[in-house]
Amino acid sequence: MKKISIVILNWNGEEMLRAFLPSVLVCSTGHDVEVCVADNGSTDGSCKMLEEEFPTVRIIRLDENYGFAEGYNRALAQVEAEYVVLLNSDVEVTPDWLNPLVDFMDSHPEAAACQPKILSHRHRESFEYAGAAGGFIDKLGYPYCRGRIFDVVEKDEGQYDTILPVFWATGAALMIRADIYQQVGGLDGRFFAHMEEIDLCWRLHSRGYGIYCVPQSMVYHVGGATLKKENPRKTFLNFRNNLLMLYKNLPEKELKSVLFKRSILDFMAASVFFLKGNFGDCRAVFRARRQFKRLRSRFEESRRENLKRAVNQHIPERTSFSILWKSKVRGKKTYSDL
């Protein structure tokens with residue numbers, strides 16, 4: 001069994017792999033490490049390129065595009081390692097990036113997962129939108145990061161270089177204990193993509209495990225390589241999966257209240273999209289809510305299982321305030337201001 005298996009999920013990302021895989025191979029040494037590419041049924045020649053240009057990389061071939069969540073579930077079922085790293089294909093790693101993560105996990109058995117500091121590949125002095133220096137979630141289910149609140153992304157000036165427990169670690173560069181990943185059921189394949197790592201982290205927290213950001217490790221993430229931030233498909237998945245995540249994990253005493261408030265806020269979000277002329281995003285919000293209502297009954301068993309196995313309903317990293325209120329009304333634009 002390997003100490004670390006780095007698994008990169010790929011779908012028609014030949015050029016992305018060619019650009020970023022070399023940094024992974026060069027910088028991921030010093031441990032018993034394997035680098036795998038799990039191919040989600042690509043049709044662009046990715047696998048042939050890997051065989052010819054990166055013969056040391058293990059290829060895990062999946063027969064179709066299962067999406068981010070189920071693709072990783074199927075790939076990790078074929079991996080034997082103490083730690084697995086879910087790494088996006090558009091991530092440039094840095095020298096010695098693995099050591100701080102492994103050292104932290106080895107010395108903190110209560111930690112199930114951790115992430116490095118995520119900086120923007122395009123604007124290298126700034127945090128990257130999806131992950132930054134660790135993720136949190138507010139009482140209504142809105143995620144934000146240490147280093148990014150909504151669309152305000154901070155420059156990295158060392159202000160968040162302390163190791164910190166977080167609510168969620170980004171799926172762009174997530175180190176997790178392989179046995180615990182399987183124990184809690186992995187990512188929810190029904191999500192396809194978006195919010196699936198936050199849902200996984202919620203389950204980890206509720207079952208007594210910790211999640212951390214270890215900023216002594218640093219990587220650069222392009223972000224939005226598969227779906228651009230303004231894509232209505234992304235808007236649909238984010239809104240739908242956020243509601244499904246809340247339904248799966250919220251304590252019973254909060255469920256009705258939170259879902260009612262979210263129905264109002266989602267209508268307001270759709271209205272803002274409409275007024276800005278983003279009609280595709282506006283429609284995506286309403287479609288997400290309709291599909292949530294249709295799918296809700298299929299997640300009842302998951303909800304019962306999560307509540308039954310929960311040993312920790314109070315999670316400090318799920319904050320008691322509304323990030324919308326703090327940011328949009330009170331003008332708190334950075335994590336430090338909160």
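Biologist: What do the buried residues of α2 pack against?

Modeller: They pack against β1 (2–10), α1 (14–27), β2 (33–40) and β3 (58–62), where contact means heavy atoms within 4.5 Å. Mind you, this is a predicted model, so local features need pLDDT of at least 70, side-chain atom pairs count only at pLDDT 80 or more, and totals for chains, interfaces and linings use all residues. Residues are numbered from 1 along each chain as its sequence is written, and side-chain values use heavy atoms, with hydrogens and water left out.

Biologist: Which residues of α2 are buried?

Modeller: In α2 (residues 46–53), Ser46, Cys47, Met49 and Leu50 are. They sit on the same side of α2 because they cover an arc of only 160° around the axis, taken from the directions from the helix axis to the C-beta atoms. The face turned away from that buried side carries the exposed Lys48 and Glu52.

Biologist: Why is His194 called buried?

Modeller: Buried means under 20% relative accessible area, exposed over 50%, partly exposed in between (1.4 Å probe, protein chains only). His194 has 18% relative accessibility, so it counts as buried.

Biologist: And what makes Phe192 partly exposed?

Modeller: Its relative accessible area is 30%, so Phe192 is partly exposed.

Biologist: Where is Phe192 placed?

Modeller: In the loop between α5 (178–183) and α6 (196–206); His194 is found in that loop too.

Biologist: What is phi for Phe192?

Modeller: Near 70°, a positive value in a residue other than glycine. His194 also isn't a glycine, and its phi is positive at about 80°. Most residues other than glycine have a negative phi.

Conventions:
Helix = DSSP H or I, 4+ residues; strand = E, 2+ residues; numbered from the N terminus.
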